[in-house]
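I am opening my notebook on this protein and will write down what I look up, one topic at a time.

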Amino acid sequence: MAQTQSPWMSSFRGLLLIPTCLALNALIFIVFYNSSGSAPNFASESEIIQTHQFQYSASDHPLNVSISTLQIRHKVTLEHRNPPPLPSFGRAKGVFHDEELFIEDYKEMNNSFKIYVYPHKRSDPFARSLLPEEFEPHGNYASESYFKKSLIKSHFITDNPKEADFFFLPFSITGLRNDRRVSVSGIPNFIRDYIYTISHRYPYWNRTGGTDHFYVACHSVGRSAMDKSGEAKSSVVQVVCSSSYFLTGYISHKDAALPQIWPRKQDPPNLASSNRTRLAFFAGAMNSPTRQELVRVWGKDSEIFAHSGRLRTPYADELLKSKFCLHVKGFEVNTARVGDSIFYGCVPVIIANYYDLPFGDILNWKSFSVVVTTSDIPRLKDILKGISDEEYQVLQSNVLKVRRHFKWHPSPVDYDTFHMVMYQLWLRRTSVRLPLMD
């Protein structure tokens, strides 16, 4: 008569089966790999020992059986194609992610991209905030006004909404902020009412729920403009200076970063004659913990000049005598210091976590700047001194190459800031749209 096996013995054998199977599989893999001659014979090989751990814990099992860890060590062959040596930070020499693709796409954009602007008259009670400024833009948030003036003058404008790729919401956040009838707290209400009006007066908004609409803002309050507009907050493309993908209201890849650039009519200085004797420079208000930390650590250093408040010397002189110029987060991730650095040929150092950098879809920022985290402030000197003279020359040379992309003109010029912003919009256009009814 066959004996009946107890449940206790079944559990025990099942438990022992686990490491046995694992060991057997490992043995088969090792024998097969070592005996195989089919591995590619690359010109250059390096071996990496990888350890895989398999552990079964039986502490909760009634038997309380302890099973040791099984380790499998094997070799992984990597292919190397003998690439040219890169700088220590892995920077590529080209300033574009893909220059050939960008040039080809840029030409197509120039030939076919169309924007429809919602029309307004000078008699409109809010005309100053809805129409382009008649005077030359100025101040810290001039990028918003420059874009609108450049767009209205450009060949991208169409009067036929049927051929439009995007619809421009022309309100000025800076204008509304300075209008006593609206002010900062009233901007979300104004935008809510504005969108309600255009969605009932025109058919364009309702066709896509606003996904082919965009607005431009450089002041930080622009990111909250859609707070009371419901659907618009997640659909409208925001082109804003305060492009932090850590905070709510900005959605990377849907929205786009606008560079904050101080208007300058003069040509860039003769950089060949500048003598950059200082390692790094920063000056500004202490309006964030990051800036306070920078000054606390480096405020008395002889090689990194970190100054709080206004300078006694000309700002431009300090930029010209420094190898690196520090962009340090203030109230927002953005300041005009990136544009300042590039204009004066100083390699920008970005110290602002979660900053969706302007033209990041197009430009390879590692090729002309140094991007570090705020936690790297105590190591800043070591990081900057770790960049060799040869590496620095590549960085500064690339700064000069990208300078034309960070400049506004009274009338748009190819590849300037206006056209780069337009290209970012071009990348975000949708290919699916419902036809407009006559």
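**Entry 1: a loop residue.** I looked up H253 and found it in the loop between strand 6 and strand 7; for the naming, helices (H or I, at least four residues) and strands (E, at least two) are DSSP runs, numbered from the N terminus. H253 is exposed, with a relative accessible area of 61%, where exposed means over 50%, buried means under 20%, and partly exposed lies in between (1.4 Å probe, protein chains only). Its phi is near 80°, which is a positive value in a residue other than glycine. I noted beside this that most residues other than glycine have a negative phi, and that most peptide bonds are trans.

**Entry 2: what kind of model this is.** The model is predicted, and local features need pLDDT of at least 70, side-chain atom pairs count only at pLDDT 80 or more, while totals for chains, interfaces and linings use all residues. Residues are numbered from 1 along each chain as its sequence is written, and side-chain values use heavy atoms, with hydrogens and water left out.

**Entry 3: another positive phi.** Y415 also has a positive phi, near 70°, in a residue other than glycine. I located Y415 in the loop between helix 13 (389-402) and helix 14. Is Y415 buried or exposed? With a relative accessible area of 14%, Y415 is buried.

**Entry 4: back to the loop between strand 6 and strand 7.** S243 is found in this loop, and S243 is buried, with a relative accessible area of 0%. Leaving aside neighbours within four places in sequence, I list Y250, A257, V333, Y354, Y355 and D356 as the residues in contact with S243, where contact means heavy atoms within 4.5 Å. The side chain of S243 reaches the backbone oxygen of D356 at 2.9 Å. I also checked P358, which is 115 residues from S243 along the chain, and the C-alpha atoms of these two residues are separated by 8.3 Å.

**Entry 5: the disulfides.** How many disulfides does a search of the whole structure find? The search finds two, where a disulfide is a pair of cysteine sulfur atoms within 2.5 Å. I reminded myself that such a link is a covalent bond between the sulfur atoms of two cysteines.

C218 is joined to C241, with an S to S distance of 2.1 Å. This pair links distant parts of the chain, 23 residues apart: C218 is in the loop between strand 5 (213-217) and helix 8 (231-235), and C241 is in the loop between strand 6 (237-240) and strand 7 (256-257). The link is left-handed, with -95° about the S-S bond, and both C218 and C241 are buried.

C325 is joined to C346, again with S to S 2.1 Å. Here too the pair links distant parts of the chain, with C325 in strand 10 (residues 322-328) and C346 in the loop between helix 11 (337-343) and strand 11 (347-351), 21 residues apart. The link of C325 and C346 is right-handed, with 105° about the S-S bond, and both cysteines are buried. Counting bonded cysteines along the chain, I wrote the pattern as 1-2, 3-4.

**Entry 6: the nonpolar cores.** The largest nonpolar core has 71 residues, of which I115, F147, L151, F214, F324 and M422 touch the most other members; a nonpolar core is a set of buried Ala, Val, Leu, Ile, Met, Phe, Trp, Tyr and Cys residues joined through side-chain atoms within 4.5 Å. Helix 14 (residues 417-427) gives the most to this core, with seven residues. Why does the core lie between domain 1 and domain 2? Domain 1 (101-260 + 413-428) and domain 2 (278-405) both give residues to the core, so it lies between them; the domain bounds come from an automatic or database domain assignment.

A second, separate core of 29 residues includes A164, I198, A217 and A232.

**Entry 7: the whole protein.** I counted 14 helices and 12 strands, and buried residues make up 46% of the 438 residues.

Conventions
A polar contact is a pair of N or O atoms within 3.5 Å; within protein, one must be able to donate a hydrogen and the other to accept it, and residues adjacent in sequence count only if both atoms are side-chain atoms.
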